[in-house]
Amino acid sequence: MDLKTRETIQWERMLPEEFRAAFNRLPVVYLPLGTVEWHGEHNALGLDSLKAHALCVTAARQSGGIVHPPLYGGMGGLHKPATIRMEPEDTWDNHLLRPWLEKFCGECHRLGFKAIIMLTGHYGHNQQIVVREVGARMTERLQSPVLGTPEYWLALDVGYLGDHAGIGETSLLWHLEPDLVAIERIKNDPDYGKDGHIEAGSSPELGKKYADTITDRLAKLAQAMPTWDFATRSAFVRAERALVSAQVRGWRTDQPWAAWRKLRTPPFTDYGRLLVAERFDEIEAFAEKLVDGEIETSS
Ligand SMILES: [Zn+2]
């Protein structure tokens, strides 16, 4: 093995010299999150973690930084075969993921990392709350930026609105891990294959379009986050907290997806662009409108 001719940004594959070099170049850690969960007859079961990991690896090749191995396990999961549900989706209970993430952030801080990006490829509404809330809380606790977000929030404005084994996820995995999608098998799936729209709409090209937007934004964030000063971090925390507050409030007054569902419409689809531009006050302002004044009735 010749360390001079290879470059890895994957923590578990590094020799210490490689870790030191990557850390010195950019002391930022990416943590991909997901689970093993049924994703139709056409997708590999680890889609969420595989997707998040591949996106982090691609981003880190641009930005520098170090990608931690993906976590398999989280909040919720379908009542389907080959699916692990570590914690419930529709209750407030959370005894595993939150402390695990907080400990992880503390450990990375102890090692000297200057920013953490937790990217979840699994996004039940409660998983989203926990990950984003931990990001805001640990940013304050460590006085070092921690972002916790699903990948689709960074691609809303190019048309990926988040789905489960639908056109978006299937296309992303098809692009990122071509051997792990067998689109023709969807014909045998009574749920995902029933009207043919996922087979017709999915393609690796569409996955590339979403992935390129996500990884470009991740890379920009990874390079910028260590430079955020106190005022910038504080504005970031206010914005992220406002998003979580809207979602939690909507969950009580309306239904579990109240605020997260509204993200799929303008102006909320601007989240990724505003985040990279560090226009946190604008995110905070629109978060106030995620639930106020309207009651969603559809399910
Ligand atoms: Zn998924």
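1. Strand E5, residues 146-150, is mostly covered, with 5 of its 5 residues buried. A residue counts as buried if 20 or more other C-beta atoms lie within 10 Å of its own, as exposed if 12 or fewer do, and as partly exposed in between, with C-beta atoms placed from the backbone. Helices (H or I, at least four residues) and strands (E, at least two) are DSSP runs, numbered from the N terminus. Val146, Gly148 and Pro150 point one way from E5, Leu147 and Thr149 point the other way, and all are buried. In a regular strand the side chains alternate between the two faces of the sheet.

2. On provenance: this is a predicted model, in which local features need pLDDT of at least 70 and side-chain atom pairs count only at pLDDT 80 or more, while totals for chains, interfaces and linings use all residues. Residues are numbered from 1 along each chain as its sequence is written. The pLDDT is the predictor's confidence in each residue, from 0 to 100. Its mean over the chain is 94, and 96% of the residues reach 70 or more. Over residues 294-299 the pLDDT is below 50, and this stretch has 6 contacts in the model beyond near neighbours in sequence. Two residues are in contact if their C-beta atoms, placed from the backbone, lie within 7 Å.

3. Strand E4, residues 115-120, pairs with E5 in the parallel sense over 5 bridges. Two strands pair if DSSP finds at least two bridges between them. Thr120 stands opposite Pro150 in E5, and Thr120 is also the bridge partner of Leu33. Strand E1 (residues 28-34) runs parallel to E4 and is joined to it by 6 bridges.

4. E4 is largely enclosed by the rest of the structure, because 6 of its 6 residues are buried. Ala115, Ile117 and Leu119 cover one side, Ile116, Met118 and Thr120 the other, and all of them are buried.

5. E4, helix H4 (residues 125-142) and E5 form a right-handed β-α-β unit. Right-handed here means that, with the strands pointing away from the viewer, the path from the first strand over the helix to the second runs clockwise. Gln143 lies in the loop between H4 and E5. Gln143 is exposed, with 11 other C-beta atoms within 10 Å.

6. Backbone geometry deserves a check at several places. Most residues other than glycine have a negative phi, and most peptide bonds are trans. Gln143 has a positive phi, near 50 degrees. Glu278 also has a positive phi, of about 60 degrees, although it is not a glycine. Glu278 sits in the loop between H10 and helix H11 (280-287) and is partly exposed, with 16 other C-beta atoms within 10 Å. A cis peptide bond, with omega about 5 degrees, joins Pro266 and Pro267. Pro267 is in the loop between helix H9 (258-262) and helix H10 (271-276).

7. The largest nonpolar core has 84 residues, and those with the most contacts inside it are Tyr30, Leu55, Ile116, Ile117, Met118 and Ala222. Helix H2, residues 47-63, gives the most to this core, with 8 residues. Such a core is a set of buried Ala, Val, Leu, Ile, Met, Phe, Trp, Tyr and Cys residues joined through C-beta atoms within 7 Å. Leaving aside neighbours within four places in sequence, Ala222 is in contact with residues including Leu26, Val28, Ala59, Ala115 and Ile117.

8. Helix H8 (residues 230-253) has 24 residues and reaches 34 Å from its first C-alpha to its last, close to the expected 34 Å at 1.5 Å a residue. The expected span is 1.5 Å times one less than the number of residues. Among the buried residues of H8 are Arg233, Phe236, Glu240, Gln247 and Trp251. The buried residues of H8 pack against H4, H9 and H11.

9. Ser203 is in the loop between helix H6 (197-201) and helix H7 (204-224). Ser203 is partly exposed, with 15 other C-beta atoms within 10 Å. Not counting residues up to four places away in sequence, Ser203 touches Ser171 and Trp174. The C-alpha atoms of Ser203 and Arg273 are separated by 24 Å, and the two residues are 70 residues apart along the chain.
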